[in-house]
Amino acid sequence: MPSLRLPQLRWPGRRKRRSRAPVRQPGRFELGRAAQPRPKRRLLPRLPWGRLALTALALAIVGGLGYGGFWLVDGPALRVQQITIEGADVADPLAIARSADIDKRSLLTLDTSVIAERISEGVPAVRSASVRREWPQGVRISVSEHIGWGYWQSGGRRVVIDAAGLVIPAGRPPPEGAVTIFEIGATRPLEPWAVAEPDTITAVRQLIEDARSQRLGVAIQRFEFHADRGLIVRVADGPDAIFGDWRNYSFKVAAWGALLNRLEREPIEVNEIDLRFGAQLVVR
């Protein structure tokens with residue numbers, strides 16, 4: 001008779017049995033992660049000695065360059081020890097050196113244009129100056145002095161003027177026999193660095209040159225300046241000429257010479273010739 005198998009019945013809500021831990025068989029081992037020991041705490045942090053060495057070397061190089069630059073600028077190697085002055089005829093070299101104010105200063109920091117300006121402003125006889133470095137410890141100063149051309153007399157006093165009419169209180173004196181221009185009617189003399197009538201100065205210079213070359217054919221006695229009439233040329237043994245100003249100079253000289261030739265042929269009593277009105281010559 002065959003055997004009957006009864007179905008396995010499961011009751012609801014019945015808990016599953018926990019699986020038992022496998023029985024460790026003798027001779028078998030399980031591998032696992034062993035606990036790592038804690039690292040030892042360092043008293044001092046680990047330092048990047050290579051980087052520190054490179055940084056120290058770079059700082060040393062920069063410091064050396066800085067010190068070398070400071071030594072060049074502020075050290076004695078490039079300081080002014082010798083000053084050479086040329087072109088000073090009447091100006092005091094010591095006054096020029098004092099006005100320059102460069103003794104013991106570094107050549108690297110000198111401003112030559114400022115120094116030249118100080119010299120021309122501080123020494124009256126100097127018209128202009130130039131400054132040049134002469135390495136390693138020298139400076140050369142070249143000066144151009146004021147040069148007197150003639151004299152201007154006004155208000156009872158005569159002052160020295162240069163070829164442009166500038167009144168110069170110091171400088172090279174005018175040459176021997178230099179001309180004097182008399183300002184008639186002025187009550188005050190010209191102050192230093194004032195400018196006399198430059199147009200009159202130009203006319204007088206040209207008249208002197210033409211008189212020397214015998215172009216005029218007259219003996220000039222003196223030059224006068226009048227505020228209302230301008231330049232008047234006083235002539236020995238002849239009528240005076242009123243030039244006024246420098247304009248149309250060549251025409252005035254030619255007309256003046258032609259009229260003087262005519263007066264030699266036709267003796268007429270003339271005291272002055274007015275050349276200020278172009279082709280209309282006025283005789284008085």
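**View 1. Glu145 and where it sits.** In this predicted model, Glu145 is part of strand S3, residues 138–145 (helices are DSSP runs of H or I with at least four residues, strands are E runs of at least two, both numbered from the N terminus). Buried or exposed? Glu145 is buried, with a relative accessible area of 2% (buried means under 20%, exposed over 50%, partly exposed in between, using a 1.4 Å probe and protein chains only).

**View 2. What Glu145 reaches.** The Glu145 side chain gets to the backbone nitrogen of Asp89 at 2.8 Å, and to that of Ala91 at 2.8 Å. Setting aside neighbours within four places in sequence, Glu145 is also in contact (heavy atoms within 4.5 Å) with residues including Gly87, Val90, Ala125 and Arg172.

**View 3. The largest nonpolar core.** This core has 32 residues, and Trp152, Leu207, Phe223, Val233, Phe243 and Trp256 have the most contacts inside it. A nonpolar core is a set of buried Ala, Val, Leu, Ile, Met, Phe, Trp, Tyr and Cys residues joined through side-chain atoms within 4.5 Å. Elements giving it two or more residues include strand S5 (157–161), helix H4 (198–212) and helix H5 (249–265). H5 brings the largest share, six residues.

**View 4. Zooming in on Val233.** Not counting residues up to four places away in sequence, Val233 touches Leu207, Phe223, Phe243 and Trp256, among others. Apart from this core lies another, of 19 residues, among them Ala95, Ile96, Ala100 and Ala125.

**Notes.** Residues are numbered from 1 along each chain as its sequence is written, and side-chain values use heavy atoms, leaving out hydrogens and water. Local features need pLDDT of at least 70, side-chain atom pairs count only at pLDDT 80 or more, and totals for chains, interfaces and linings use all residues.

Note on methods: Polar contact = N/O pair within 3.5 Å; in protein donor to acceptor, adjacent residues only side chain to side chain.
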